[in-house]
Amino acid sequence: MNAPVKCPNCKEEGKQGYIYSTHRISWSESGDSVFIDYGNEVLIDQSLFKISKTPAYRCEQCKLVIFSYDKK
Ligand SMILES: [Zn+2]
């Protein structure tokens, strides 16, 4: 993502930054709580040494974050 990303809700330009997590970030189409995340699609995998940061855009008004994930 190089071009500025606009918020899909208010259409304002998103603020550029990074998101990161000490754990993986997964995607599920179900909103049910889980005890283990087996079977879900991992968008950002957990790293053992350094925590990698993923470029992201956020809208502070709408509390919305947009990021592009990269499958490894
Ligand atoms: Zn917005």
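Buried means under 20% relative accessible area, exposed over 50%, and partly exposed in between, with a 1.4 Å probe and protein chains only. This is a predicted model, where local features need pLDDT of at least 70, side-chain atom pairs count only at pLDDT 80 or more, and totals for chains, interfaces and linings use all residues. Residues are numbered from 1 along each chain as its sequence is written, and side-chain values use heavy atoms, with hydrogens and water left out.

**View 1. The chain has five strands and zero helices.** Helices (H or I, at least four residues) and strands (E, at least two) are DSSP runs, numbered from the N terminus. Along the sequence the pattern reads β-β-β-β-β. Of the 72 residues, 14% are buried. The C-alpha atoms fill a box of roughly 35 × 30 × 20 Å along the principal axes.

**View 2. Four cysteines coordinate the zinc ion.** The donor atoms are the SG atoms of Cys7, Cys10, Cys59 and Cys62, at 2.3 Å. Donors are N, O and S atoms within 2.8 Å of the metal (3.2 Å for Na, K and Ca); water is not among the atoms, so sites may look incomplete. The angles among the four donor atoms run from 105 to 113 degrees, and the site is tetrahedral. Along the chain, the donors are spaced C-x2-C-x48-C-x2-C. Cys7 sits in the segment before strand E1 (15–19) and Cys59 in strand E4 (residues 54–59), so this pair links distant parts of the chain, 52 residues apart. Cys7 is buried at 3% relative accessibility. Cys59 is buried too, at 9%.

**View 3. Lys15, Arg58 and Glu60 are linked in a network of salt bridges.** A salt bridge is a side-chain nitrogen of Lys or Arg within 4 Å of a carboxyl oxygen of Asp or Glu. Lys15 meets Glu60 at 3.4 Å, N to O. Lys15 lies in strand E1 and Glu60 in the loop between E4 and strand E5 (64–67), so the pair ties together parts 45 residues apart in sequence. Glu60 also meets Arg58, at 2.8 Å. Lys15 is partly exposed at 49%, as are Arg58 at 43% and Glu60 at 40%.

**View 4. Asp45 and Arg24 form a salt bridge.** The N to O distance is 3.3 Å. Asp45 lies in the loop between E3 and E4, and Arg24 in the loop between E1 and E2, so the pair ties together parts 21 residues apart in sequence.

Technical notes
Tetrahedral: all angles 85-135°; square planar, octahedral: opposite > 155°, others 65-115°.
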